[in-house]
Amino acid sequence: RLLRMEEFFPESFRLDLEEERNAFLKLCKEEEIWICKPSCSNQGRGIFLLKNPAALNTLQAKLHSTEDHLLNKRVLYKGPQARIVQRYIHQPLLLEGKKFDVRSYLLIACTAPYVVFFAQGYVRLSCVNYDAASDDLTVHLTNQYMQKKNSLYSQLKEETVWPMEHFNSYLNEKFRKTSSLPKDWAVSVFAKRMQQILLQCFLAAKPKLDRKLGYFDLIGCDFLIDENFKVWLLEMNANPALHTNCQVLRDIIPTIVHESL
């Protein structure tokens with residue numbers, strides 16, 4: 001069954017497309033939070049939150065200044081910087097009070113014929129407790145590159161990554177009864193939902209992929225679970241980080257690389 005975008009992907013707009021940019025500016029309200037990020041970057045670089053009219057005005061000014069600069073230079077018009085604004089998920093599920101997301105992997109092992117594999121990866125947690133009103137990006141973005149900027153990271157880094165087995169046990173203990181979850185939800189229902197979403201994303205991108213014997217790609221896929229246990233795909237990353245800066249990653253990443261090869 002094909003999914004509707006709103007079933008798994010937060011409402012998003014491309015700022016480099018005038019129609020989508022104008023639609024976002026009409027929709028954006030003062031009390032809402034949006035996350036703004038470059039479309040071709042990783043590790044949380046260039047990401048910021050739009051939380052108030054002042055931030056929105058600053059963004060609009062940047063977009064206009066880019067357009068004016070290109071027109072004054074009389075260069076080939078390329079439009080504003082390729083950025084995406086995405087509706088912020090306000091009620092994320094928390095683990096011990098901390099925000100988290102799940103990094104999984106999609107391996108396009110072959111394009112002639114297509115052979116595609118899925119692998120669960122690990123859970124990434126913030127160093128500090130979640131506060132939606134906080135201006136600290138390390139509260140909102142859970143990847144390791146961003147968490148390293150938190151002063152507590154050096155003493156808490158081993159706690160910022162959980163293996164899926166620990167995540168599954170935690171959900172069984174803390175949420176199975178209170179949220180009426182089936183046993184081992186993380187490695188059964190959740191895993192199947194991620195596969196369903198990623199298969200649809202692959203099929204959507206398939207016509208645009210170059211096909212040649214020997215072509216392959218390992219893609220990092222980031223999921224967020226809200227407090228109602230709805231699964232959201234946040235983004236898919238080419239060239240995912242393969243650093244091993246804590247014990248859980250030293251256990252997981254080499255296996256992912258070895259199995260990919």
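# Close-up views of a predicted model

**Figure 1. A cluster of aromatic rings in the predicted model.** Phe 100, Trp 162, Phe 167, Tyr 170, Phe 175, Trp 185, Phe 190 and Phe 229 are joined into a cluster by ring pairs. The structure shown here and in the following views is a predicted model. The count of aromatic pairs comes to eleven. Of its 261 residues, 43% count as buried. Among the contacts in the protein chain with a separation of 6 or more, 64% are between residues 24 or more positions apart.

Figure 2. The strands follow the order β1-β4-β2-β3 and pair in the antiparallel sense. At the edges stand β1 (12-14) and β3 (48-50), each of which pairs on one side only. On average, and with direction ignored, neighbouring strands of this sheet are turned by 25 degrees against each other. Helix α1, formed by residues 18-27, packs on the sheet and touches β1, β2, β3 and β4. The direction of α1 makes about 135 degrees with that of β1.

**Figure 3. Strand β2 and its two partners.** Strand β2 (residues 34-38) pairs with strand β4 (residues 83-87) over five bridges, in the antiparallel sense. Strand β2 is mostly covered, with five of its five residues buried. Trp 34, Cys 36 and Pro 38 point one way from the strand, whereas Ile 35 and Lys 37 point the other way.

**Figure 4. An aromatic pair between strand β1 and helix α1.** The rings of Phe 13 and Phe 24 form a tilted pair, with 6.0 Å from centre to centre and 45 degrees between the planes. Phe 13 belongs to strand β1 and Phe 24 to helix α1, so the pair ties together parts that are eleven residues apart in sequence. Both Phe 13 and Phe 24 are buried.

**Figure 5. Helix α8 and its buried face.** Helix α8 consists of 14 residues, 247-260. From its first C-alpha to its last, the helix reaches 20 Å, close to the 20 Å expected at 1.5 Å a residue. Its buried residues are Val 248, Leu 249, Ile 252, Ile 253 and Ile 256. Seen down the axis of α8, these residues fall within an arc of 95 degrees, so they line one face of the helix. The elements against which the buried residues of α8 pack are β6 (98-111), β7 (114-125), α4 (144-147), β8 (161-163) and β9 (217-225).

**Figure 6. Arg 211 and its contacts.** Arg 211 is found in the loop between α7 (189-205) and β9. This residue is exposed, with a relative accessible area of 52%. Leaving aside residues up to four places away in sequence, Arg 211 touches Thr 111, Ala 112, Pro 113 and Tyr 114. Arg 211 and Pro 113 are 98 residues apart in sequence, and their C-alpha atoms are 8.7 Å apart in space.

Methods
Residues are numbered from 1 along each chain as its sequence is written. This is a predicted model: local features need pLDDT of at least 70, side-chain atom pairs count only at pLDDT 80 or more; totals for chains, interfaces and linings use all residues. Side-chain values use heavy atoms; hydrogens and water are left out. Two strands pair if DSSP finds at least two bridges between them. Helices (H or I, at least four residues) and strands (E, at least two) are DSSP runs, numbered from the N terminus. Axes are lines fitted to C-alpha atoms, for helices over the stretch in contact, and angles run from 0 to 180 degrees between N-to-C directions. Contact means heavy atoms within 4.5 Å. Rings of Phe, Tyr and Trp (its six-membered ring) pair if their centres lie within 6.5 Å; planes under 30 degrees apart count as stacked, over 60 as edge-to-face and the rest as tilted. Buried means under 20% relative accessible area, exposed over 50%, partly exposed in between (1.4 Å probe, protein chains only). The expected span of a helix is 1.5 Å times one less than its number of residues. The arc is that of the directions from the helix axis to the C-beta atoms.
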